[in-house]
Amino acid sequence: MNRKTFIVSMLLTIIFALNCGADVKYTKQVNLTIPAGKAQSFAAQTQNGWINVKGGRTTDCNLAAAIIVKADTEEIAKKIAEEVKISLLSDGNGVTVKIEKPKMPKDVQLNINLDANLPGAMNLSLVTHNGNVTVADVSGNTNASTHNGNVDYKGSLADLKMGTHNGNINIKCIEQSANKCEIIAETHNGNIDFAAPEDFSAAVDASTRNGSIRTKLLVSVDGKIGKDLKGTIGDGRDKLFLRTHNGSIKIK
């Protein structure tokens, strides 16, 4: 065997070995629906996966969950996926997504993506670790957090608390609220964009260490805008608190 043939043979052996150890993906879809009744809140938590919530005029809580398992074989992946149990629970006041997972082998990867369609006025509590959180067309208070991922909100002005460590935060408030609101957005590595509704007024507290702060709204401040911005928009009815370490802030 000459040198060229030997090298080709070794490369083919390595490729074959890598392919033999490649992960096999199995996906199971779960669709659940329960009446919202008088429930005023919805809570969902997953570890690896996204959470998408869309509000509407529905009177039900609808959940589409994708259970995605990667393992050495399809048989193992399917077995794990079938052992994951997802349910919607209601105590009358709120609806909660319950996820029961089997003991996970070290070489198995489990992702659970959640897509929910709910009454738009429900308050939301949404938590994931690795994945994006997206909320649209809601008017209730929202608490949404992830560690690695973006947080996006489009809905009415409300009490909002958005957090991530590695990701951007985008908030677009398209309607005013009759109540005083507190908006909090914090990330470590990412940008923050906040778009206010018409006639927005708030006490503003924004800061970044490595980035810039820009505003298209008239803010009454003492001094100039630098890495910190403290001031007032309008009569300062609401509170707007924006923090990033590595990233820029835009207010418009």
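User: As what does Arg243 count at 22% relative accessibility?

Analyst: This is a predicted model, in which local features need pLDDT of at least 70 and side-chain atom pairs count only at pLDDT 80 or more, while totals for chains, interfaces and linings use all residues. Residues are numbered from 1 along each chain as its sequence is written, and side-chain values use heavy atoms, with hydrogens and water left out. Buried means under 20% relative accessible area and exposed over 50%, with partly exposed in between (1.4 Å probe, protein chains only). Because its relative accessibility is 22%, Arg243 counts as partly exposed.

User: Why do the buried residues of helix 2 line one face?

Analyst: Helix 2 (residues 74-83) has Ala77, Ile80 and Ala81 buried, whereas Glu75 and Lys79 are exposed on its other side. The arc is that of the directions from the helix axis to the C-beta atoms. The buried residues line one face because, seen down the axis of helix 2, they fall within an arc of 100°.

User: To which backbone nitrogen does the side chain of Asn113 reach?

Analyst: Asn113 lies in strand 7 (residues 109-119) and counts as buried because its relative accessibility is 7%. In a polar contact, a pair of N or O atoms lies within 3.5 Å; within protein, one must be able to donate a hydrogen and the other to accept it, and residues adjacent in sequence count only if both atoms are side-chain atoms. At 3.0 Å, the side chain of Asn113 reaches the backbone nitrogen of Trp50.

User: What is the strand order of the open sheet of 11 strands?

Analyst: Two strands pair if DSSP finds at least two bridges between them. Strand 2 (residues 41-45) and strand 8 (residues 123-127) run parallel and are joined by 5 bridges, while 4 bridges join strand 8 to strand 10 (residues 142-145), also parallel. The edge strands, each pairing on one side only, are strand 5 (85-90) and strand 18 (220-221). The pairing in the sheet is mixed, and its order is 5-6-2-8-10-12-14-20-16-19-18.

User: How many residues does the largest nonpolar core have?

Analyst: A nonpolar core is a set of buried Ala, Val, Leu, Ile, Met, Phe, Trp, Tyr and Cys residues joined through side-chain atoms within 4.5 Å. Phe42, Leu126 and Ile171 are among the residues with the most contacts inside the largest one, to which strand 4 (residues 60-71) gives the most, with 6 residues. The number of residues in this core is 62.

Note on methods: Helices (H or I, at least four residues) and strands (E, at least two) are DSSP runs, numbered from the N terminus.
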